[in-house]
Amino acid sequence: MDGKSAKDFQKREKIVDDALSVWLNNIVKADNSWEMIDDPHHFNMDACAEVKTLFKIIEKVFKEKPYCEKLEIEIKLLITDTAASKYVAELIKKNINAFIESINAKYNEEEKEVVLKKEILEKINDQWVMVEKEPLELMDIPGLQVGNFEDFESKGIENLFECVNDILKKKKKEMEDEAKTQKKPQKPVEDSIIINGSGGYKALLPFLTLFSQTYKIEMVYIYEDSESLISVAHLPVQVDAAFAEEFYPYLSEPDKFPNDSKELKVLVERKLLRKSGEKYDRTSLGNFFVNIIEKELHVAKNVHGFLVEYKVYEYLIENPYKVDGVTFNRVKHSVKPEWAGGEKEYDIVLESKNNERNEIIIGEVKSYGEVKNEVGKNRKKIEITGKGKLAKQIKFLEGKISSPKSPNIKEYHLYIYAVNKEIHINNQKEIVKQLKDLFKEKVSFKAFSVVIPYGRDKDPKGHFDQNPYQYFMRAKMNDYIKEIKID
């Protein structure tokens, strides 16, 4: 099977299966030597690194939870793109029941039990029902081999990240459904998943470690002939939110920018983009990074966005907005007005101090990436889905504009922030056109570009400024906030 890919795997000869079944079920390790035994309930826990680590994981969970009498487990075997890996995975699946029986025999005195979880919740015809599923699932990872480095980097690692991320999303959904039906608080999905790093290629460990650290999922492995399970501790590390905001557009749509952009070159240096001729494509690490930014980067959404909100708030206090002879010189930040039921929160609300007309202006602050993802390429997508914050606010405003209790909502302002002026010039006008159409006949809509002055220039040694926020927070925004006007 050497040199063969997973798709070349065929059924083995019976003699090979019989020999390996003896290895799994009739061999025991004692005093660093192997012995034959005749015990139909025995399983060789030392057969390979994968099953040895799995046994140690189960042992670890029971030790951490002495009150736990029953442990339900799901096993996902990620198969590298080799015939040998496919063979071993099928062999483990074939003998997994003997493995579980062997564990239960060990814990029988303590009345502890391990079972393979065979059912999950699914919503069918608006009803939550339990459905049968594979307790041990084999998951092929195309391209994940070391014979061809180009395929390993461009396909294998990318497919590995996609596969592990898919497992995480499905488990999260399952736990959400279970919490709803049982009316219990939802537990963090990270606490229910353990990555087994033993076995497979050593070249995979850095990538699996990166994934586990980023998503805060425990990863364990056993080193060679050791009996101790090693757990990789979660370090207090975070993705650089400033770097994410600055370079996300270039990662998201590299073809939108000039071929000689210094930002594209930086991303090639960081192995997030690769250049082929005149075209740039994301690497597997680039795809992973984009996924983190778009779906998991809470720093960029919760902390970074607040900093920009305060800078816009500061700017509007120092530069009161004027329209139709009215100066909106009362600026409020993060407001839940009573007329909106005290539930809807607006980033910015502008009022006039004498406010005889009972007019207000509502403002929302969003990153370029958030707006681009929400609006999409389809001009009507935001109306059809209604899932994004902008879509919900449009719908909400429609009902409040004519309400006698609400003030006169004169304008709706959207402040779109990004790091580089190129992004505003090249990409934002089309987005603003789409939004103008959506707000049309509902409320007067205006959009403003907010260019974030990070001062992220390289020092003489070629390193980026390590404190980009300091420059930004001290900067006056007069030259960085401009209305995006559509001809």
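**Aromatic pairs and their surroundings**

A: In this predicted model, the count of aromatic pairs, taken as rings whose centres lie within 6.5 Å, comes to 10. One of them joins Phe-43 and Phe-99 in an edge-to-face arrangement, with 5.3 Å from centre to centre and 75° between the planes. Because Phe-43 belongs to the loop between β2 (33–36) and α2 (49–64), while Phe-99 belongs to helix α4 (residues 96–107), this pair ties together parts that are 56 residues apart in sequence. Phe-43 and Phe-99 are both buried.

A second pair, formed by Phe-161 and Phe-211, is stacked, with 6.1 Å from centre to centre and 20° between the planes. Here Phe-161 comes from helix α5 (residues 149–182) and Phe-211 from helix α6 (residues 205–215), so the pair ties together parts that are 50 residues apart in sequence. Phe-161 has a relative accessible area of 6% and is therefore classed as buried, and Phe-211, with a relative accessible area of 1%, is buried as well. These two residues also belong to one aromatic cluster, which is made up of Phe-152, Phe-161, Phe-207, Phe-211 and Tyr-215.

Phe-99 leads back to helix α4 and to its contact with α2, where the residues on the α4 side are Phe-99, Ile-103, Lys-106 and Tyr-107. On the α2 side, the residues that meet them are Val-51, Leu-54, Phe-55, Ile-58, Glu-59 and Phe-62. Sorted by class, this contact of α2 with α4 has 8 nonpolar and 2 charged residues, with no polar ones. The axes of α2 and α4 come within 12 Å and cross at roughly 35°, and the crossing in which α2 passes α4 is right-handed.

With strand β19 (residues 408–418), β20 pairs in the parallel sense over 8 bridges, and Ser-449 of β20 stands opposite Ile-416. With strand β21 (residues 481–483), β20 pairs in the antiparallel sense over 3 bridges, and here Val-450 has Ile-481 in β21 as its bridge partner.

Terms used
Residues are numbered from 1 along each chain as its sequence is written. This is a predicted model: local features need pLDDT of at least 70, side-chain atom pairs count only at pLDDT 80 or more; totals for chains, interfaces and linings use all residues. Side-chain values use heavy atoms; hydrogens and water are left out. Rings of Phe, Tyr and Trp (its six-membered ring) pair if their centres lie within 6.5 Å; planes under 30 degrees apart count as stacked, over 60 as edge-to-face and the rest as tilted. Helices (H or I, at least four residues) and strands (E, at least two) are DSSP runs, numbered from the N terminus. Buried means under 20% relative accessible area, exposed over 50%, partly exposed in between (1.4 Å probe, protein chains only). Axes are lines fitted to C-alpha atoms, for helices over the stretch in contact, and angles run from 0 to 180 degrees between N-to-C directions. A crossing is left-handed if the near helix is turned anticlockwise from the far one by less than a right angle, and right-handed if clockwise. Contact means heavy atoms within 4.5 Å. Ala, Val, Leu, Ile, Met, Phe, Trp, Tyr, Cys and Pro count as nonpolar, Asp, Glu, Lys and Arg as charged, and the others, Gly among them, as polar. Two strands pair if DSSP finds at least two bridges between them.
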